[in-house]
Amino acid sequence: MLGRQPALGMAELERTFGDVTWFTDSAACVMADSFDVTRLGGTLKAGVVTGELSGDWRRASEHIVKYYSNKWGNFEGKLTLGISAYGFKVQTRDIQKTGVILKQRLRAKKVSMRLIPNVDAAHNTATSHHNKLGLAPNKVELLIVRNKSGKVIIAESVGAQNITALAARDQGRPKRDAFVGMLPPKLAQTMVNLALSASGSRNLSPAELPPSTAPAVTSEAGETVPKTGNHSDITILDPFCGTGVILQEAALLGYNVYGTDLADKMVDYSKVNMDWLSTKYNTSRTYKIEVGDAMDTKWQQPIDAVVCEGYLGQPFSAPPSPAKLTEVRGNCDHIMGKFLTNIGAQLKSGTPLCVAIPAWRSTDGSFTHLPLVDNLAKLGYKQIELKNVRTAELLYYREDQVVARELLILEKI
Ligand SMILES: C[S@@+](CC[C@H](N)C(=O)[O-])C[C@H]1O[C@@H](n2cnc3c(N)ncnc32)[C@H](O)[C@@H]1O
């Protein structure tokens, strides 16, 4: 089940797993041996498919009651169950009823079950997360998804997005700066995953690539965060590191990180935040953070991937006047264009990048893009095409935001 901007979640899945298809406009099917939802910024819930059928809720309900009263008929201990239905034309109480019937059938077999009451057809991520659904054999969430052609998938959850850990990383960091506009940690995760694709860079061998099944790390407060793979010989550079959100998320995903920023203050903030992260989550990664102007810095090698949120210009609470927009757009294009030229000369061919640049939303919902978007080949980059998502859909914004982040997934030619 994909997040608020499904295209971004889908792009992340496609880059991570390759073999991915749309099931509905907010659900994807993935072929994978393992799946760690805490590694993925754009996925809210995931489950292993246990059944497929066609039809309405009645058909799905019959299947669930029959299949699971059988499967759990000899279950030792107490079960907790949540049922989440997506895409059905059905009352919430009918979904609840399916759970009640299943509970009665199990009780007849002396198996006890706690049914989590449905406030809506589907439990929200917070309910799934706080009840630890999908994280233990006796805590189950059934995800039942129907698409427009009436096909139904039944899946057993393997976990929901860890909103507690994400909030702790976002709000708990000692240094924050509203003016530079901090990236949400889950978007930073998505950007790292968009750069380091499973099918991608020539710099990476399959053994180093996500997903991995290495254990997660847990903070003192018990917030589990992803800690995957041994990527310690892959260095990710963020040349506009600001307060260090990308550096933090990349380090938690197991990469080596290297950050630079024009502002001394930001370099200090990133250092303090990275020290906090390594104390809190026991990340023993080495990292470098230095002052540097991205338009002319000569970075230390190696640089295996570049992930950054570049200069976005000033924030706006309402669409700017045409003259103002021309000025800001020109400024941002100059800085980001010079940066791409400068760093391009220092990257090996095939190096992956995920760069967020600004795009301005007008009142009619259309976007004004940076001119460099049409000149990427001239700047020495290939824009990566995806099967399931158009590049124009890779835009992140909240409804009230004028300045959107446009995500460019690139490869150095
Ligand atoms: C949008 S913010 C990045 C925020 C960052 N992702 C974070 O999580 O805090 C852009 C950053 O680029 C820096 N910056 C602006 N112009 C720069 C340049 N020419 N070279 C390097 N950094 C620059 C700013 O100091 C700012 O920290």
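**Questions on the predicted model**

Author: Let us begin with one residue of this predicted model: Glu141 has a relative accessibility of 0% and therefore counts as buried.

Reader: In which strand does Glu141 lie, and with which side chain does the side chain of Glu141 make a polar contact?

Author: Glu141 belongs to strand E6, which runs over residues 139-146. Within strand E6, the side chain of Glu141 has a polar contact, at 2.6 Å, with the side chain of Ser84.

Reader: Is Ala121 buried, partly exposed or exposed?

Author: Ala121 sits in the loop between strand E5 (113-115) and helix H4 (125-130). Leaving aside neighbours within four places in sequence, Ala121 is in contact with Ile83, Ser84, Ala85, Thr92 and Ile95. Buried means under 20% relative accessible area and exposed over 50%; the value for Ala121 is 25%, so Ala121 is partly exposed.

Reader: How does the radius of gyration of the protein compare with the globule rule?

Author: The protein contains 10 helices and 18 strands. Its radius of gyration is 23 Å, close to the 22 Å that the globule rule gives for 413 residues, so the protein is as compact as a globular protein of that length. Along the principal axes, the C-alpha trace spans about 75 × 45 × 35 Å. The radius of gyration asked for is thus 23 Å, close to the rule's 22 Å.

Reader: What percentage of the residues in the protein is buried?

Author: The accessible surface of the protein comes to about 18,200 Å², and 51% of that surface belongs to carbon and sulfur atoms. Of the 413 residues, the buried share is 54%.

Reader: In strand E11, which residues point the other way from Tyr255, Val257, Gly259 and Asp261?

Author: In a regular strand the side chains alternate between the two faces of the sheet. Strand E11 covers residues 255-261, and seven of its seven residues are buried. Tyr255, Val257, Gly259 and Asp261 point one way, and the other way point Asn256, Tyr258 and Thr260.

Reader: Which residue of strand E12 stands opposite Thr260?

Author: E11 pairs with strand E12 (residues 287-291) in the parallel sense, over five bridges. In that pairing, the residue of E12 opposite Thr260 is Glu290.

Reader: How much of the ligand's accessible area does the protein cover?

Author: There are 20 residues around the ligand, and those that come nearest are Thr243, Asp261, Asp293, Ala294 and Glu309. A polar side-chain atom of Asp261 lies 2.7 Å from an oxygen atom of the ligand, while a nitrogen atom of the ligand is 3.1 Å from a polar backbone atom of Leu262. A ligand nitrogen atom is also 2.7 Å from an N or O atom in the side chain of Glu309. On its own the ligand has 600 Å² of accessible area, of which the protein covers 92%.

Reader: Is Lys110 buried or exposed?

Author: Lys110 lies in the loop between helix H3 (92-108) and E5. Although Lys110 is not a glycine, its phi is positive, at about 65 degrees. Because its relative accessibility is 76%, Lys110 counts as exposed.

Note on methods. Residues numbered from 1 in each chain as written. Predicted model: local features only at pLDDT ≥ 70, side-chain atom pairs only at ≥ 80, totals over all residues. Heavy atoms only, no water. Helix = DSSP H or I, 4+ residues; strand = E, 2+ residues; numbered from the N terminus. Buried < 20%, exposed > 50% of the residue type's maximum accessible area, 1.4 Å probe, protein only. Polar contact = N/O pair within 3.5 Å; in protein donor to acceptor, adjacent residues only side chain to side chain. Pairing = 2+ DSSP bridges. Contact = heavy atoms within 4.5 Å. Rg over C-alpha atoms; globule rule 2.2 N^0.38 Å. Areas by Shrake-Rupley, 256 points an atom, 1.4 Å probe, with all protein chains shown as cover. Near = heavy atom within 4 Å.
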